[in-house]
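User: Hi, could you walk me through this structure in plain words?
Analyst: Gladly; have a look at it here, and then ask away.

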Amino acid sequence: MAPAAPKSGDAIFASVDRVNAELFTLTYGAIVRQLLTDLEEVDEVNKQLDQMGYNIGVRLVDEFLAKSNVSRCVDFRETAEVIAKVGFKMFLGVTASVTNWDTEGTTCSLIMEDNPLVDFVELPDTCQGLHYCNILSGVVRGALEMVSMKTEVTWLRDMLKGDDVFELQVKLLKQIPEEYPYKDDE
Amino acid sequence: MGFRESHFPSGLEVHKRNSPCPTFTIHIEIALWETLSKGKQKVSLSAFAFLFSELVQYNQTQVDNIAELERRLEDAGYAVGARVLELLCHREKGNRRETRLLGILSFIHSTVWKVLFGKVADSLEKGTEHEDEYMNSEKELLVNRFISIPKDMGAFNCGAFVAGIVKGVLDNAGFPAVVTAHFVPVDGQQRPRTTILIKFVEEVLLREARLG
Amino acid sequence: MIVCLAVVGHQNNPLYIQSFTEADDALKLHHMVHCSLDVIDERVDNPKKSGPTINETFLGLLCPTENYKVYGYLTNTKVKFILVTTDLDVRDADMRTFFRRFHAAYVDAVSNPFHVPGKKITSKTFAERVATIVKSFGLTTTG
């Protein structure tokens with residue numbers, strides 16, 4: 001019987017190596033600026049950020065599973081909780097909450113009040129269509145895909161656009177049964 | 001659980017060590033860091049490592065040679081450095097302005113390094129051959145800890161990002177300089193250290209001489 | 001009361017200038033800000049004359065006129081803050097506190113990844129914060 005998933009990522013976050021959040025925040029800001037300069041179109045920047053996040057999510061899931069002692073989540077509901085409580089905490093030092101479940105239990109929202117990506121950030125009028133934190137939605141999508149869950153991840157609320165919280169909607173499209181996501185060649 | 005290199009698309013890969021997952025063993029400085037930046041926010045080193053790796057990989061797709069890649073990383077670092085200077089001057093330096101060359105160098109070597117990388121840089125030396133050169137060296141620079149360079153990328157050094165940070169600090173503090181990152185072999189060590197070479201422009205040295 | 005605040009870049013390029021008066025004297029205020037830049041340059045270029053204050057960010061009173069006092073502050077990045085006030089009796093300590101708070105707001109504004117160094121500060125948050133700091137300064141000195 002697999003151990004129960006931890007309810008909080010506090011202990012894990014306390015045990016991992018950490019860096020100054022400002023280095024992280026400012027580096028992310030530099031990336032977004034670079035993308036805006038290179039790609040010019042806000043939509044293209046959103047896409048690229050999502051792609052970068054996806055790449056990270058795909059790679060990060062191993063470390064997450066190893067450190068969190070989560071072996072396999074029973075269902076999407078439990079998975080969402082683990083991402084919000086353990087995953088966000090473990091990597092970003094902040095916790096999200098899960099709400100707005102639909103009746104089928106396939107769509108929910110991750111709510112964040114605190115988000116280290118957006119310190120100092122104020123969107124200029126020319127970038128109102130930018131999903132500044134789009135890398136996060138990519139990470140969630142990429143990580144879930146590695147545990148066989150195809151999802152669609154959308155920003156519903158954004159503090160940079162005047163909302164009171166960040167709300168990331170995660171919609172389960174399909175669950176691929178028992179297919180190991182990569183070849184184990186070691 | 002094993003760690004699979006195939007997840008790293010282009011030439012770069014996270015260091016494969018004997019640890020069970022792709023993370024990075026740096027426990028030594030954490031304690032020191034805590035005391036210096038009272039309760040400031042942190043994120044996990046992995047989060048930064050993943051982000052930085054994406055920065056490098058994205059920029060790889062935008063260039064066709066190593067020099068250009070380093071220049072782009074330096075640009076990204078510069079934007080960070082300029083802001084770090086503003087932040088730290090307000091927070092750490094009280095109401096003093098730095099007007100002297102050695103003062104700003106020691107500010108980078110100590111304050112900037114401690115805040116960004118959790119420790120003072122390993123060494124700060126003056127070039128022996130050139131009066132206008134200074135070297136800030138680190139046995140294992142944070143950004144080189146988790147990235148190893150494939151052979152075909154030659155002398156490419158991710159430290160270009162850090163060189164950019166240093167340049168951003170120096171330029172904006174009124175000490176313009178050319179800043180570059182180099183691997184320097186160390187006797188008895190398998191891995192080279194990274195030296196951030198700072199070459200000040202002439203006007204800086206002239207002003208310094210005038211101040212006496 | 002504080003009637004004008006300006007942030008000026010290291011090449012004396014204006015980054016932010018805001019008047020806080022109803023009166024139509026913007027031109028006069030801008031002129032005063034402009035003149036005080038020379039005073040700062042002269043002080044910083046002649047460290048011997050300005051004595052022990054050379055390395056302090058707070059430059060103190062730059063030029064008193066009949067109706068106004070002009071104060072200055074120079075950051076490590078060679079950015080100048082200039083303040084024009086009609087209060088003729090301001091304590092240096094209050095002025096230092098004001099500039100510290102103003103500096104904090106400035107640092108946050110230029111840390112925004114969308115701010116281009118050397119360009120005008122267009123942040124609405126910055127403008128709002130400055131307005132608050134200016135208002136609270138008036139309260140502490142008059143009451």
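This is a predicted model: local features need pLDDT of at least 70, side-chain atom pairs count only at pLDDT 80 or more; totals for chains, interfaces and linings use all residues.

User: How are helix 2 and helix 3 of chain B set to each other, parallel or oblique?
Analyst: Residues are numbered from 1 along each chain as its sequence is written, while chains are lettered from A and ligands numbered from 1 in the order in which they are written. As for your helices, the axes of helix 2 (residues 45-60) and helix 3 (residues 66-91) of chain B come within 10 Å and cross at roughly 135°, and the two are therefore oblique to each other. Angles under 35 degrees count as roughly parallel, over 145 as roughly antiparallel, 65 to 115 as roughly perpendicular and the rest as oblique.

User: And which residues make that contact?
Analyst: Helix 2 of chain B brings Leu55(B), Val56(B), Asn59(B) and Gln60(B), and helix 3 of chain B brings Leu69(B), Arg72(B), Leu73(B) and Ala76(B), where contact means that C-beta atoms, placed from the backbone, lie within 7 Å.

User: New topic: where is Ala173(B), and what does it touch?
Analyst: Ala173(B) sits in the loop between helix 6 (160-172) and strand 6 (177-184) of chain B. Not counting residues up to four places away in sequence, Ala173(B) touches Leu85(B), Glu98(B) and Ile104(B), as well as Asn76(C) and Thr77(C).

User: Is Ala173(B) buried or exposed?
Analyst: Ala173(B) counts as buried, because it has 24 C-beta neighbours inside 10 Å; the cut-offs are 20 or more other C-beta atoms within 10 Å for buried, 12 or fewer for exposed, and partly exposed in between.

User: Now chain A: what is the phi of Glu40(A)?
Analyst: Glu40(A) has a positive phi of about 65°, although it is not a glycine. Most residues other than glycine have a negative phi. Glu40(A) lies in the loop between helix 2 (21-39) and helix 3 (42-68) of chain A, and it counts as exposed because it has 9 C-beta neighbours inside 10 Å.

User: What about Ser148(A), where is that one?
Analyst: Ser148(A) is in the loop between helix 5 (134-146) and strand 4 (149-157) of chain A, and its phi is positive at about 70° although it is not a glycine.

User: Last one: what is the mean pLDDT of chain A?
Analyst: The mean pLDDT of chain A is 90, and 91% of its residues reach 70 or more.

Technical notes: pLDDT is the predictor's confidence in each residue, from 0 to 100. Helices (H or I, at least four residues) and strands (E, at least two) are DSSP runs, numbered from the N terminus. Two residues are in contact if their C-beta atoms, placed from the backbone, lie within 7 Å. Axes are lines fitted to C-alpha atoms, for helices over the stretch in contact, and angles run from 0 to 180 degrees between N-to-C directions.
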